[in-house]
Amino acid sequence: MVQKKTFGSFVAKGIIWIIVIAMTLSCLLPLINMVAISLSSSNAVASNQVGLLPVDFTVTTYQKLLNDSQFWASFWISVKRVILGTAINMFFAITMAYPLSKSKFRFPAREIYIKVIIFAMLFSGGIIPLFMVVSKLNLVDTIWALVLPGAVPVFNVILLINFFKGVPDSLDEAARIDGASTLTILTKVYLPVSLPALATIALFSIVYHWNDYFSGLLYMNKASLYPLQTYIQQLTVDITQITDTEQLKQLATMSNRAFNATKIVVSTIPLLVIYPFLQKYFVSGIVIGAVKE
Amino acid sequence: MAKPRTKQHKPYVGNKKERTTFHLMLLPGMIMLAIFVFVPLIGSVMAFQDYVPARGIFGSKWVGLENFEIIFSFPDSVQVFWNTLIISFGKLIMNAIIPVLFSILLNEIGGKFFKRTFQTIVYLPHFLSWVVLATVVTNMFSLEGPINAMLGVFGIDAVQFLADNQWFRTVIIGTDVWKEFGYNSVIYLAALLAIDPGLYEAASIDGASRFKQIIYITLPALMPTVVLMAALNLGNILNAGFDQVFNLYNPIVYETGDIIDTYVYRIGMVEGQYSIGAAVGLFKSVISFVLILSANSLAKKTTGSSIF
């Protein structure tokens, strides 16, 4: 009896391992396939021979990419956008979250401000009126169109409010008794103890700005001004123009698939570089931000 | 939300100088919200106009609810509304079941190293954009791609998944679950850690098998979190995933795959029917707003937790 039970649980354990490994591989293998395609000859790609390992290993697409000036122009626009956009997001997140983390006795107007920003988070006028505002302000075709409409990251503000609330009041009190000004308390007391939370929201901003393709599509009239994701989107997924199955088949077998895969792989490298940090901080970010009593 | 932490001390009431500083700190952010959220909100009155760009908001003719009547008389927009609901509900249900299943199974695996390696890998797709993943998905589901190759082994004819109205929604739901299940499982893994180990010990002394322990201890313990997440996602039911659908669909599958957001984009931005597009957008915003508020208070009532 005992042996039978052990055997049963052994099988159960095996099944669990198989399912978990299968689910994990389902996330990994398609990405490895992309890398393999980027390193294969275009003939091998066109005839669908490439699986998890490159076929006719070659780096020609990577060499070609080095000379692709539009790709690097877009890459640079994305880098600038990430730096500028994240800096702006951090500025607004900190300046808004600090006063709003104080009690209503200390800052009675906070109640109104909180209602305003939650309303702003939940209700949007939609893309059409927003587009008109951006174009009325003459921001179209400038990098500001990519960073200003989302300058106040409301979700991150709320996350940071919750974190600041957790900072012991005694720290604030001690600094106050020493005669420190509000701004000094924020920069010298609150920010240094909030580094994990600040890292979390900075990473959220970086990922958002790096991955967003839609503002580029909406606000940039010239392809030369596209950030990287918009550029790739236009290259690879321009299937909205396609109206019949035949064309879709052609697109799937086009020989520049290897080149597109190379662009995708290279565009993903910056995210992989920050991925260890992302993993370290985003779990705490979810826990602070998603559920709160 | 603003209840003082401790009631025994008299709360510090601050001073006027500090409050002025607080207002000044909030000012720039409020100006940005005013420009990029509240002005567009006022601008959405164009939903009640026959908006002509040359005349602007103030010069265009007011038409009352005519745009809304036009929308509801289009068979297209009714279909779009249904597509949105079907895709959203599919995602809502599968995005609850699969992450719970995955977190329970992962929890059964011993060995920190493997656990952490698996987690590192399954979180990855969440951080990649739909632009990148659309290429990956198109690749996987293409006529000569790996999925069809696997089906071929079982003698099933190849399917043009992304250009087939029978399959498109399933692919959309499935690939969304694939992208997000790792990330969604984070919250359940955290909930699993909070279960009192004493419960399992007592159960195993009573002779309950591991499977029974999962059914009678783990699942009930996860239920409040599942309900909370589902309630909150219910508020987002009209967001069926613009980025994903936009990057994967094509005119062949508009019939089953076109959702409210992609429809607004095409009608408003591509075809230039600003008023109709804005009307659909406003309609969606209002319903979403009501849904999110009700979902939030529902979550607060049933589980004691909420977003705000």
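Two residues count as being in contact here if their C-beta atoms, placed from the backbone, lie within 7 Å. Leaving aside residues up to four places away in sequence, Ala221(B) touches Ala191(B) and Ile195(B). Ala221(B) sits in helix α10 of chain B, which covers residues 210-234. Ala221(B) is partly exposed, because 15 other C-beta atoms are found within 10 Å, and a residue needs 20 or more to be called buried.

Elsewhere in chain B, helix α6 makes for quite another picture. This helix takes in residues 130-141, 12 residues in total, and reaches 15 Å from its first C-alpha to its last, close to the 16 Å expected at 1.5 Å a residue. As for cover, 12 of the 12 residues of α6(B) are buried. Among them are Trp130(B) at one end and Phe141(B) at the other, along with Asn139(B) and Met140(B).

Turning to chain A, the fold is built from helices: there are 15 of them and 0 strands. Of its 293 residues, 42% count as buried. Looking at contacts in chain A between residues at least 6 apart in sequence, 68% join residues at least 24 apart. How confident is the predictor about chain A? The average pLDDT is 86, and 88% of the residues score at least 70. Between the elements of this chain, the mean pLDDT is lowest for α14(A), at 56, and highest for helix α7 of chain A (residues 144-147), at 96. Where pLDDT is low, the predicted coordinates should not be read in detail.

Chain A is also split by the domain assignment, into domain 1 (2-58) and domain 2 (66-289). Where these two meet, 8 residues come from domain 1 of chain A and 8 residues from domain 2 of chain A. On the domain 1 side, α1 and α2 (42-46) of chain A each supply at least two residues. The most comes from α1(A), with 4 residues. Sorted by class, that side of domain 1 has 5 nonpolar, 3 polar and no charged residues.

Then there is the contact between the chains, which takes 81 residues from chain A and 80 residues from chain B. On the chain A side, the elements that give two or more residues include α1 (2-38), α4 (69-100), α5 (110-122) and α15 (257-289). Once again α1(A) comes up, this time with the largest share of the chain A side, 14 residues. The residues on this side divide into 52 nonpolar, 22 polar and 7 charged.

Finally, what about the nonpolar cores? The largest has 129 residues, and those with the most contacts inside it are Ala97(A), Val157(A), Leu160(A) and Val280(B). Helix α4(A) gives the largest share of this core, 11 residues. Apart from this core lies another, of 12 residues, including Ile187(B), Leu222(B), Ala231(B) and Ala299(B).

Technical notes. Residues numbered from 1 in each chain as written. Chains lettered and ligands numbered in written order. Predicted model: local features only at pLDDT ≥ 70, side-chain atom pairs only at ≥ 80, totals over all residues. Nonpolar A, V, L, I, M, F, W, Y, C, P; charged D, E, K, R; others polar. Domains from an automatic or database assignment. Expected span 1.5 Å × (residues − 1). pLDDT = per-residue confidence, 0-100. Core = buried A, V, L, I, M, F, W, Y, C linked by C-beta atoms within 7 Å.
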